[in-house]
Amino acid sequence: MTDANADLLFSRRPGLTTNEQPITTRLNPIMNAIQADLTESQQAELKSSALFNDDLAPVPSTQRKWAAGSFAALWISMSACIPTYMLASSLIGGGMNWWQAVFTIFLGNLIVLVPMVLNAHAGTKYGIPFPVYCRASFGTLGANVPAILRALVACGWFGIQAWIGGDAIYKILGVFLPRLLEAKALPVLDINGYQFVCFLLFWSINMWVIYRGIDTIRFLLNIKAPLLIVLGLLLLWWAWRNAGGFGPMLSQPSAFDPGQPKAGQFWSYFFPALTGMIGFWATLSLNIPDFSRYAKSQRDQILGQALGLPTTMALYSFIGVAVTSATTIIFHETLWNPVDVLTRFKNPAVLVTALISLCIATLATNIAANVVSPANDFAHLAPRWISFRVGGYITGFIGVLMMPWKLVSDPSGYIFTWLIAYSALLGPIGGILIADYFVCRHCKLDLVALYKADGEYRFTNGFSVVALIALLLGALPSLPGFLVQIKALGQGSVPQLLADLYHYAWFIGFAVAFVVYVGGRKITQVVK
């Protein structure tokens, strides 16, 4: 079916009543026609609004160029990255065997695909970015709350990716200049001066790409995915050859099997790990409208994401799992960071090639996944003063201040502190957005009113009290467990049942916020 035919099949035909519409339209409410085209008078009205700038404006149907293949390529490019490799490796380090780790990642991505596709619907239908989408549920000013929460998480991820690129430069330079690796750590930073300089070098390259703009980003994405996939497959071949084949590599037993060190503890590890896997892309499941606003049709964004996300994550995580398992056999220690594996090679040509590939791949992923959204989110704070480029600069500077090397210093902290912690905030936001758009509004928004300070979405002085209460109540159940996780509270100071809720942070936050928001909206309607 062509894109044009799909749009015709799934669009509502003007002049017909609901019962006279094609059966596909009535039975598939998620498939709606694009409604992002504004009249000249509407455009003129919006340009005078303080809530409008060109970066936040609806993308008209004439400028939609992303087909299903574009979305699949986007996810292949973003998923084939070092953090994906480390994600799988960390599960092996936590005690899982290879198939348990790959299954956990695949299942987590299948689950997060659902809110991803649902939140993408508004972006495709109305051509709006994430912060503007938030105005319908949180209010014209209240939308800054989820936007900034999402942006701060992206700043952390931006810093992590910049650290990974800088760390690759540092460790591979260390192969040629071993004295660099012997430098003492600096106070407060807990890394040495050479590490910090390499980090700032790679960070500066990111800032330059932001300055260059979207064309440079698109070029990097086009060459990045093949580079990192080839590098991953070469690592897999090396591991297969040196470990004696897939048999020894994948025969490592689970630490949770009978007679093993963590026997009987699988489920207590699995569910927190699954929450972490969902948290990995919980960020993009919210701000996916930033990309889906360029989709030609709903069919394109749904099909492209379904094909690109779970499959690529499973494939690349398998590479991470297999190579990590092989390092246990080859080096008698578990190396969960691919940069550490590459430094074991002594051939200068191999090291330089690997360095260039890692840096380009990490750079492309960082800009696409961790700059597009926060740049829009920060621009939303003051549309008249903050452009997409300035928002990108803000993201970069905050990423440095968050000291990202501490977030990924060990596998346990990477999953149980970083990924789960922010999923406790993003889960409730996702629940509120989906409840508002699909349950309360039935996929119908007033596009012009989204950009008006005194319109339908003003609520109470620009803030939706119902949404803010739902967000707070959704995040609250995970707070005690989070405080125990970061050791702000003692293990016995909180009832174990309450502390364990943190391990299900995204699920609980999403469900609580969803129910509270729907209930709150019904109560306010009754009061009116």
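1. At the start of α6, a side-chain oxygen of N97 comes to within 3.4 Å of the backbone nitrogen of W99. A polar contact is here a pair of N or O atoms within 3.5 Å; within protein, one must be able to donate a hydrogen and the other to accept it, and residues adjacent in sequence count only if both atoms are side-chain atoms.

2. The model is predicted: local features need pLDDT of at least 70 and side-chain atom pairs count only at pLDDT 80 or more, whereas totals for chains, interfaces and linings use all residues. Residues are numbered from 1 along each chain as its sequence is written, and side-chain values use heavy atoms, with hydrogens and water left out.

3. Helix α6 covers residues 98–126, 29 residues in total. Its first and last C-alpha atoms are 42 Å apart, close to the expected 42 Å, where the expected span is 1.5 Å times one less than the number of residues. Helices (H or I, at least four residues) are DSSP runs numbered from the N terminus.

4. After α6 comes G127, with a positive phi near 70°.

5. Which residues have the most contacts inside the largest nonpolar core? They are M96, I128, W281 and L450, in a core of 142 residues. Helix α12 (residues 266–287) supplies the largest share of this core, 12 residues. Apart from it lies another core, of 6 residues, including I148, A151, C155 and F378. A nonpolar core is a set of buried Ala, Val, Leu, Ile, Met, Phe, Trp, Tyr and Cys residues joined through side-chain atoms within 4.5 Å; buried means under 20% relative accessible area, exposed over 50%, and partly exposed in between (1.4 Å probe, protein chains only).

6. Not counting residues up to four places away in sequence, W281 touches W75, M78, S79, N109, V112, M116, L309, M313 and A369. Contact means heavy atoms within 4.5 Å.

7. The number of disulfides is 0, a disulfide being a pair of cysteine sulfur atoms within 2.5 Å. For C155, the nearest cysteine sulfur is that of C134, 16 Å away; for C198, it is that of C359, 9.6 Å away. C155 counts as buried because its relative accessibility is 0%, and C198 counts as buried because its value is 9%.

8. Y170 lies in helix α8 (residues 144–176) and is buried at 5% relative accessibility. Neighbours within four places in sequence aside, Y170 is in contact with L180, L181, N192, Y194, Q195 and C198. A polar atom of the Y170 side chain lies 3.0 Å from the backbone oxygen of L180.

9. D167 also lies in helix α8. Is D167 buried or exposed? D167 counts as buried, because its relative accessibility is 5%. With neighbours within four places in sequence left aside, D167 is in contact with Q195, N337 and V339.

10. D190, in the loop between α8 and α9 (193–212), has a positive phi of about 65° although it is not a glycine. N461, in the loop between α19 (411–440) and α20 (465–475), has a positive phi near 55° and is likewise not a glycine. D190 counts as exposed at 54% relative accessibility, and N461 is exposed with a relative accessible area of 54%.

Definitions and conventions. Helices (H or I, at least four residues) and strands (E, at least two) are DSSP runs, numbered from the N terminus.
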